[in-house]
Amino acid sequence: MARIDKINEEVKRELANIIRELKDSRIPLMTSVVTVNVTNDLRYAKAYISVMGDEETKKKAMQGLKSAAGFVRREIGKRVDLRYTPEFIFELDSSIEHGAHIEKLLNNLNKQ
């Protein structure tokens, strides 16, 4: 496994912990970190976030994460030993929700 992959995994794990600890009511419990891609120079980290709920819930969750970006960056800096602490870019990821929808469709087919 390449060094950047290890960094991505460690940042993903810590980011998930930090998001769970956030006291922002806009961020629901069903918020998960799908994947994190840290740039090779460690300056930026694109975090793909999955939020279960309607469009309004997702929008509020992303606003909450964006407003907590500075706090998240500081916490990552304390928890992960990197030369630079990356700046976070949060992206909404619907792959988990999409997978759940497909599973539901398949279950409905099996019942018929």
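**View 1. R79, a partly exposed arginine.** R79 has a relative accessible area of 27%, and partly exposed here is the band between buried (under 20% relative accessible area) and exposed (over 50%), taken with a 1.4 Å probe on protein chains only. This is a predicted model, where local features need pLDDT of at least 70, side-chain atom pairs count only at pLDDT 80 or more, and totals for chains, interfaces and linings use all residues. Residues are numbered from 1 along each chain as its sequence is written, and side-chain values use heavy atoms, with hydrogens and water left out.

**View 2. R79 meets E21.** The two form a salt bridge (a side-chain nitrogen of Lys or Arg within 4 Å of a carboxyl oxygen of Asp or Glu), with their closest N and O atoms 2.6 Å apart. This pair ties together distant parts of the chain, R79 in helix α3 and E21 in helix α1, 58 residues apart; helices are DSSP runs of H or I, at least four residues long, numbered from the N terminus. E21 is partly exposed too, at 40%.

**View 3. E14 meets R79.** Here the closest N and O atoms sit 3.5 Å apart. E14 counts as buried, at 17% relative accessibility.

**View 4. E75 and K78 pair up within helix α3.** Their side chains make a salt bridge at 3.2 Å, N to O. E75 is buried at 12%, whereas K78 is exposed at 65%.

Technical notes. Helices (H or I, at least four residues) and strands (E, at least two) are DSSP runs, numbered from the N terminus.
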